[in-house]
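Have the viewer open as you read.

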Amino acid sequence: MQVPFLDLQAPHRELKTELDAAFRRVMDSGWFVLGPEVEAFEAEFAAFCGTKHCVAVSNGLEALTLILRGYGIGAGDEVVVPSHTFVATWLAVSHTGATPVPVDVSGRTCNLDPELLSAALTCRTRAVIPVHLYGHPAAMDAINAVASQAGLKVIEDAAQAHGAAYHDRRVGSLGNAAAFSFYPGKNLGACGDGGAVTTDDADLVRKLKTLRNYGSEQKYVHDMVGYNARLDELQAALLRIKLQYLEDWNGRRKALANRYQQALRETGLGLPAVDSGVASAWHLYVIRTSRREVLRQQLAAAGVGTLIHYPLPPHRQLAYAGMNVGSGSFPVADQLAEEVLSLPMGPHLSEAQANHVIAAVRSATEVGTP
Ligand SMILES: *Cc1c(COP(=O)(O)O)cnc(C)c1O
């Protein structure tokens, strides 16, 4: 049996009739950029996240960049980011001219360690970007407490956490503004690139709508040095359909994560830890092991696809060689990069496929079949 790491055809088979109709509707309308589908999606996604507003944009990186620009953050400013994240969190800060200031993550949750936050702040710090990595909400109460004392904006990177909840509130509504990605493999994925910002801040919304459209509120009048960073009508129409299934699909992810947690308990592998009072969106199911390469090969031989999120932390990338990070500055991020391994996770894994993954991991770790 083959279990691919990710199957992007299965969700489209399930929703084929509805997606085909949405595609036809947009094609027949002849309206492709900034129209009724984007407006409707913005209203529906804001309602889903529990925020007053949503501004749809071209991708997750632009969502983060535009929020920072909207808050006037740029050259000379510092923005705190986790040491262990997808590099886009850092890139957004760099694109504004500001400096990303990494803070190490907790080895237990893989999210920004709030205990280390205060020590990273300087008189130049303007914002902090907690990432809800793997779908697990970051420690928002502690982060918000430090940020409000220091007068910082809190910008959630919710690119992996659509529908995750923290003390009964959905991510996207937990800071000043939040960035989402609709890259195809995310929990809510477009058929191409897409992104969104959610916020209650009406002033920020006005700026974001200007920034995403060449800095223009009125055609051919440009108040800001803006971007072309719009979500298109076709993606919005497709996302509106998939949004209706997101809760159900996240529920299936959770059921699979629960099965993995039970069945892999005795394997000696490090299993994901989620804080109490939070509901993960289970974007990824990430285990930790010091014998990763061997396990990866054994699973591949059994037909089980795995990936590594992420093999090289941003501070070790050539793009950030100029930062001159001393060795041992971010020990947890460095260790995670050596040990993390993502197992197949998604709403469309069949019962038989889940059983096969579990049997393959148990056999590779020599605890045998359950
Ligand atoms: C995917 C992702 C992004 C970037 O989103 P894109 O739509 O791919 O630009 C940013 N942050 C995190 C944590 C992500 O996983």
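A pocket here is an open set of grid points, found over the protein atoms alone, with protein on both sides within 12 Å along at least five of seven lines. A molecule sits in a pocket if more than half of its atoms lie within 2 Å of the pocket's grid points. In this predicted model, the ligand takes up the space of the largest pocket. Two elements each give two or more residues to the shell around the ligand: α4 (60–70) and α5 (88–95).

Who are the neighbours? The ligand has 14 residues around it, and those that come nearest are Gly 60, Asp 157, Gln 160, Ser 181 and Lys 186. Sorted by class, the shell holds five nonpolar, seven polar and two charged residues.

| Residue | Where its N or O atom is | Distance to a ligand oxygen atom |
|---|---|---|
| Gly 60 | backbone | 2.7 Å |
| Leu 61 | backbone | 2.9 Å |
| Ser 181 | side chain | 2.6 Å |

On its own, the ligand has 380 Å² of accessible area, and the protein covers 91% of that.

Now have a look at Thr 89, a residue of helix α5. Is Thr 89 buried or exposed? Its relative accessible area is 1%, so Thr 89 counts as buried, the cut-off being under 20%. The Thr 89 side chain also makes a polar contact, at 2.9 Å, with the side chain of Asp 157. Asp 157 is itself among the residues that come nearest to the ligand.

Methods. Residues numbered from 1 in each chain as written. Predicted model: local features only at pLDDT ≥ 70, side-chain atom pairs only at ≥ 80, totals over all residues. Heavy atoms only, no water. Near = heavy atom within 4 Å. Polar contact = N/O pair within 3.5 Å; in protein donor to acceptor, adjacent residues only side chain to side chain. Areas by Shrake-Rupley, 256 points an atom, 1.4 Å probe, with all protein chains shown as cover. 1 Å grid on protein atoms, 1.4 Å probe; cavity = no way out; pocket = protein on both sides within 12 Å on 5 of 7 lines; lining within 4 Å. Helix = DSSP H or I, 4+ residues; strand = E, 2+ residues; numbered from the N terminus. Nonpolar A, V, L, I, M, F, W, Y, C, P; charged D, E, K, R; others polar. Buried < 20%, exposed > 50% of the residue type's maximum accessible area, 1.4 Å probe, protein only.
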